[in-house]
Amino acid sequence: MNLRKAVGRTPLHLVILFFVGIWFLPTLGLLITSFRDPSSVAGSGWWTIFPKLFSGGQFSLQSYVGVVRDQGLGRAFLNSLIISVPATAISTFVASFAAYGFAWMRFTGRRYLFMVVVGLMVIPLQMTFIPVLPIYGKLGLAGTFPGIWLAHTAYGLPLTTYLVHNFMAGIPKDLFDSAAIDGASPFMTFSRIVMPISVPALASVFIFQFLWIWNDLLVGLVYLGALPNVAPLTVSIANLVTNRGQDWELLTAAAFVSMALPLVVFFSLQRYFVRGILAGSVKG
Amino acid sequence: MAAELQPHGGQDSRRRTHIGKRIVVGLDGSVAGRRILKSGRAMARWFGSVRWNSWAFVAPALLLIGFFLVYPTIMTIIRSFFGRGTALFGPTVEFVGLTNWKYVFTNEIMLTSLRNNALWAILFTSCTVGFGLTLAVLLDRVRYEKLAKSIIFIPAAISMVGASIIWKFIYAYKPAHLAQIGVLNAIVVAFGGEPVGWLIQRPWINNLCLIAVGIWIWTGFCMVIFSAAYKNIPRALLEAARIDGAGEWRVFRNIILPLLGPTAGVVATTMVVQVLKIFDIIYVMTNGNYSTEVIANRMYKEMFNYNNYGRASAIAVVLLILIVPFMILNIRRFAAQEGAR
């Protein structure tokens, strides 16, 4: 009986194995290639390492040295951090203020303004570049970190505000009533009560937004261009593809440099990350 | 609407009557001022009803959204009726009427882009939603669910630039007499075939190869959402059907699928919106060459390579028009949700 049940479940496991294989092997191939001896990358496939896995001499860190030192990806990694961390912090901060205002304050047009925010969540960013660029040029913000912080903050605001709003709107009303009775101003209620209990939600939004900005290519291309002293990893790597398109030892190492941080964030904070996704799409 | 009936900050309404009274007391002495008093009261009422406190909370966000999203959207629509150049307006920019619009809907590359975006929308959306749903239901039945889900979700956490390089490497092509380093061509050669230039074979093979990358990236995202919704279905409901003699397929078809319908709607719209704006994959893997152009990449080229803000604006507006129905859908969904709260 048990055996028959196990045999009957074999197709299920095979289907899953098929999917997991396709979703895992490409990344594994990239990782292996990036650690191979650069001179052998162009001559043989990455799977050829397995028969002589322990014979030694086929692995090296040379590709990483190459991209970080010679191709300037060390600087680009730093740029990505300088762009993502402040931009995420500012946008989470501004969004939590706005979310509180939209969820618990009453003012004329609140409902309609919030609907506009919800609608803007999916607006194509392509609609925004052409009028902003000349202004950025005049203000000297083009190609600067503050310029891209502001742009990323604004572009992320509709979604982050919506996500934080969903959480804050669920806080029991009694809490606000008792705060008001105790004489707390709206600002005090916000900073002493609402913010502390929103920490888990804010963490989700922060991680979500951080990865979005870290992984962004388009906004970086438009507002920073290829200037090596400000360009983030994604932009630098896209340039590398254009200039060194066949040098797979470089491309694979470069791609892994850009993936390392998101992977660490994802595996260590998976819970928050998944929660962020769910809050954005499923009701609540 | 139920949400409107909910008394929000009780403090605020108290303050309103306060301000009103103070002004009324101040004006009450004058005899001739009945009318003034009346309009004064109205003014005070209006002034009191503007919640300065509340505006202070939303003002920073609204200013940023206004400057970076609302103002540019309006200007881009207007700019689409003007000619080339990289100025927004000014003496160098001339009014060209519908010229850019004619270009958008008649130029061959634009037509290719529109066709490709349609192809992307159909294949990408159906596969991500289909795979995501299938995986969510299947993985619920095995003990290594968590591990498998993490693996399938990885592509959603990394950048599309990184994912594009991963797949460009899978599709790598070497002439037949050399050893293949791309997995796909190695398989083809192992089975006795000729290596294929996957990203060059137009118009179907290369576009399908690019769409596959998109599917690989986004399936994990769909799976996570479906999985959460699936786990919300009471197990007793499924068990009851099974005890009544329904096979697994019938349980899926008649119970699981209808219950996951609304989720599928949300996921599918999210995917369509994503796919209409698809840019990174094309930019990195083919830059739109060999008939793989898409709307967003074309817009980027017109803007930066050809310095034609007029055409670029018109192309952007095409994207907007395609996305507006989904904006409305989102707003409706939100309004219904608010009403239910």
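Helix H8 (residues 160-170) of chain B and helix H10 (residues 204-231) of chain B pack at about 130 degrees, with axes 10 Å apart. I noted that helices are DSSP runs of H or I, at least four residues, and strands runs of E, at least two, numbered from the N terminus.

I then listed the residues in this contact (C-beta atoms, placed from the backbone, within 7 Å). H8(B) gives Met160(B), Ala163(B), Ser164(B) and Trp167(B), and H10(B) gives Val213(B), Trp216(B) and Ile217(B).

The model is predicted: local features need pLDDT of at least 70 and side-chain atom pairs 80 or more, while totals for chains, interfaces and linings use all residues. Residues are numbered from 1 along each chain as its sequence is written, with chains lettered from A and ligands numbered from 1 in the order written.

Next I checked chain A, which has 15 helices and 0 strands. Its radius of gyration, taken over C-alpha atoms, is 24 Å, well over the 19 Å that the globule rule (2.2 Å times the number of residues to the power 0.38) gives for 284 residues, so chain A is more spread out than a compact globule. The C-alpha trace of chain A spans about 75 × 75 × 30 Å along its principal axes.

Last, I looked up the chain contact: 78 residues from chain A and 86 residues from chain B take part. Helix H2 (residues 10-34) of chain A supplies the largest share of the chain A side, 12 residues.

How values were computed. Two residues are in contact if their C-beta atoms, placed from the backbone, lie within 7 Å. Axes are lines fitted to C-alpha atoms, for helices over the stretch in contact, and angles run from 0 to 180 degrees between N-to-C directions.
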